[in-house]
Structure formats: C-alpha cells, structure tokens
Amino acid sequence: MILLSIFLIFLCCFVFQSLESPPKLSTIAPLRFQNAGSKFKIACFAEEGQKPFEFEWRQNDQIISMKPYKYQIDIDDDTSHLAILNLDAKDSANYSCIVRNDFGFDSQTTILKVKGLPKTYYSIS
C-alpha cells in the first residue's frame, strides 16, 4: 500500500511537471543563401512545451512588423512561417524566431545572405 501511494505521488508529480514545460523549437539552418529578387521562406516549429504558444519574428533583434508586399507571417497552433518577398541586399540579416509560453521561451536564429542582383527585364522597342 505504501509503495502504491509513493508511486501515485511520483506519477502525479511527473505528469504535473510535464504539463508545465517551456517551449523547445526545432533547429533551423544557421545560414541561408538566397538570390536577390526571390522569395525567402522559413518555418519555426515548437516541438515541445505546453500550449498556447506566442511567436515573434525579429530581423537583427528588431521586431518584424507586417508590411504588405514585403513580409508575410503565418501562425498556427505550434508553427510560424516567415516569408520575405522580392529579396534585395537590405534583407541580408539575422532572422530570429522566438516562441513563448507561460513557462519560458526558446529562440532560433538564421543568417540570410542575399546574393546577386535581381533579375531585370528590359523591353526592346
């Protein structure tokens, strides 16, 4: 009887602790090269932790605000996607995804290097 009581107490503590867990993000590539004029897409996935999660994207430690025709951020239950449209040299930067819940936070960062000039089309008259 005593062993059963000890086991149940241990089980309750283990289950309670697993519910109070900070988020853990999956690893993203530390360095990405992308051509100018192309679209950059990156995903951030919380593989562990207690929901709900709050996601945030940063460029060189500055919060990225939604700008139509430039940045697209999509968020669902445990994943966030960042897309940057029509890349140019100014988009070369550090991009970080931060996820938070009531028990902590985690972050992953990638360095984006935009290379080349965007494709330009000329019309011949």
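A residue counts as buried here when its relative accessible area is under 20%. By that cut-off, buried residues make up 33% of the 125 residues in this chain. Keep in mind that you are looking at a predicted model. Here is a friendly tour of its fold, its core and its surface.

**Fold**
- The chain holds 1 helix and 9 strands.
- Along the sequence, these elements follow the pattern α-β-β-β-β-β-β-β-β-β.

**Nonpolar core**
- In soluble globular proteins, nonpolar side chains tend to be buried together.
- In this chain, the largest nonpolar core has 22 residues.
- Leu25, Phe55, Trp57, Ile64, Leu82, Ile84 and Tyr95 have the most contacts inside this core.
- At least two core residues come from each of strand 3 (40-48), strand 4 (54-59), strand 6 (71-75), strand 7 (79-84), strand 8 (93-101) and strand 9 (104-115).
- Leaving aside residues up to four places away in sequence, Ile84 touches Ser38, Lys39, Phe40, Lys70, Tyr71, Asp91 and Tyr95.

**Surface**
- The chain exposes about 8,900 Å², and carbon and sulfur atoms supply 59% of that area.
- A nonpolar patch lies on the surface, formed by Leu31, Phe33 and Ile111.
- Together, these three residues have about 270 Å² of accessible area.
- Phe33, one of the patch residues, sits in strand 2 (residues 31-35).

Notes
Residues are numbered from 1 along each chain as its sequence is written. This is a predicted model: local features need pLDDT of at least 70, side-chain atom pairs count only at pLDDT 80 or more; totals for chains, interfaces and linings use all residues. Side-chain values use heavy atoms; hydrogens and water are left out. Patches are made of residues with over 30% relative accessible area and no salt bridge: like charges are joined within 9 Å, nonpolar side chains (Val, Leu, Ile, Met, Phe, Trp, Tyr) within 5 Å. Accessible areas come from the Shrake-Rupley method with a 1.4 Å probe; for residues, only the protein chains shown count as cover. A salt bridge is a side-chain nitrogen of Lys or Arg within 4 Å of a carboxyl oxygen of Asp or Glu. Helices (H or I, at least four residues) and strands (E, at least two) are DSSP runs, numbered from the N terminus. Buried means under 20% relative accessible area, exposed over 50%, partly exposed in between (1.4 Å probe, protein chains only). A nonpolar core is a set of buried Ala, Val, Leu, Ile, Met, Phe, Trp, Tyr and Cys residues joined through side-chain atoms within 4.5 Å. Contact means heavy atoms within 4.5 Å.
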